Amino acid sequence: MQIGDCWFDAHEHLLVDASGCRWILSVDEFQVLSVLAKNQGKVVSRFELIQLLSSYDKDSLRCDDQLDDVIKRIRTILGKKPYSLLDTVRGEGFILYPSQASMRYKLLSSPTSQINSLQFLFIILVSLMTLYGINMHISHPTVIAPNYRQQIMMHNGSSSEIKFYTGQHYEANMKLFVKQMIGQMEACAVSPWQSIAANVSTDRKLISFILRNNRENGLKFQTVKLMSDNFIADTSQPDWLILSGICS
Amino acid sequence: MNNTILALGRFKPWQLLLIFVSGVGILVFGYTASFSHKSLNLNCLAQLYQPPFGDATSSSLHHSLSLTVEVQDKKVNLNYRYGSNDKELASINYSGVVKNFDIGSMTYQFGLAQANVQMDLLQIELPEPIRDDVQRSREALMALGTMSFNMQIVDINRLDDYTLIKFTPSGNLWACSSR
């Protein structure tokens, strides 16, 4: 009888593999394989197979392990992909196929069991729904990059990072204001703030400064807002930095 | 450990896969659903300066602008208070609904339908940006009946109770605490 690439010789108690090698089966292996071969394509229960083992009457407690050893050896002889020929049906028993399962079943096979098309489609459907849900709720994070960033060394050796968020239109006036402020900051004796984020409102009439300082007892922060129609002229003198607490 | 492996062994692989996929799905939906309805309370305070900036004795020295953001379920309340020398001179209270919350960009979309302005008429005139804001909101509410803008959470540090928010289209930035 052909089983996959092997030939099962029931008279001689032999299993001849694809390379022509002849494997002599033990009594237990022969009994188990004979019953599985007679019931090809059907599930044979573990209990039925255990009853075939020679040690069943002597030590029934160890028969479970013994059956597993027998199945393992048969699979070894069956060669490549033995699970597609002799498969375990979890909780029920074993099944022997006359030939290797079709490609469709191979794709759905796992080392211990198979899933049918309906189950496969159900998993795909649930996966697609999950991905759709994730996509609906999570969009790409928005990164706000400053238009201008500079690290400024103070006279006392400390440093402050200044970041300008001037918006999309980094026009000449704003460039001038940023340049002017950086120059004034560099002349500043001490700045109590490690990080200064500056943001200009859309109408160019309000500049917000977010001053931050990480200290041992936590983060300290402050918001300062300057109102002006002409920032360049109004901040031409560096006194405003001291007034607003940006410099000390 | 062995017990766990044995317990897992009782399930078929496709069942384990299904449980995993469903679990991830429930977690994602649960997280987003809980976040979008989460209440938000922010208190933001800014020192406000008017020109001349170099004159430390000018009356602009102690001007302040504060903002309270309250989001509860789908309702939003924004309260701006303008004050000088610890005295409140004007307040604008906007109320409306949260139209949408985009978790990817952490942006709330507000639709404000009501604005209440309170002013101390005996006080000096309000600063121009605040007056402009009042005027703009008044015009929008009268013309359209609603006013839409976004509030983005740019940075959040719960440990230090620090939240940086940005309003669009005005482009105003605020550093806030939740206490």
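Modeller: Happy to. Let's start from A:Tyr165, whose bridge partner in strand 10 of chain A is A:Asn199. Please keep in mind that this is a predicted model, in which local features need pLDDT of at least 70 and side-chain atom pairs count only at pLDDT 80 or more, while totals for chains, interfaces and linings use all residues. Residues are numbered from 1 along each chain as its sequence is written, chains are lettered from A and ligands numbered from 1 in the order in which they are written, and side-chain values use heavy atoms, with hydrogens and water left out.

Strands here are DSSP runs of E, at least two residues long, and helices are runs of H or I, at least four long, both numbered from the N terminus. Strand 10 of chain A has a partner on either hand. With strand 9 (residues 159-165) of chain A, strand 10 pairs in the parallel sense over five bridges; pairing asks for at least two DSSP bridges. With strand 11 (residues 206-215) of chain A, strand 10 runs antiparallel, joined by six bridges. A:Asn199 turns up again here, as its bridge partner in strand 11 of chain A is A:Ser208. Strands 10 and 11 of chain A form a hairpin with five residues between them, and A:Arg204 in the turn has a positive phi of about 65 degrees.

How enclosed is strand 10 of chain A by the rest of the structure? Six of the six residues in strand 10 (residues 195-200) are buried, so this strand is largely enclosed. (Buried means under 20% relative accessible area, exposed over 50% and partly exposed in between, with a 1.4 Å probe and protein chains only.) Both faces are covered, with A:Ser195, A:Ala197 and A:Asn199 buried on one side and A:Ile196, A:Ala198 and A:Val200 buried on the other.

Now for the link to the other chain. B:Asn172 touches A:Asn199 and A:Ser208, and its other contacts beyond four places in sequence include A:Ser201, A:Leu206, A:Lys225 and B:Ile165; a contact is a pair of heavy atoms within 4.5 Å. B:Asn172 sits in the loop between strand 7 and strand 8 (173-177) of chain B. B:Asn172 counts as buried because its relative accessibility is 12%.

Leaving aside neighbours within four places in sequence, B:Ile165 is in contact with residues including B:Leu42, B:Leu67, B:Val69, B:Met151, B:Asn172 and B:Trp174. B:Ile165 also belongs to the largest nonpolar core, of 37 residues, where B:Ile165 is among those touching the most other members, along with B:Leu67, B:Leu78, B:Tyr108, B:Phe110, B:Phe167 and B:Trp174. (Such a core is a set of buried Ala, Val, Leu, Ile, Met, Phe, Trp, Tyr and Cys residues joined through side-chain atoms within 4.5 Å.) Strand 4 of chain B supplies the largest share of this core, six residues. Another core lies apart from it, with 28 residues, among them A:Phe164, A:Phe177, A:Ile182 and A:Phe231.

Finally, the chain around B:Asn172. Chain B has three helices and eight strands, in the order α-α-β-β-β-β-β-α-β-β-β from the N terminus. Of its 179 residues, 41% are buried. Among contacts in chain B with a separation of 6 or more, 45% are between residues 24 or more positions apart.
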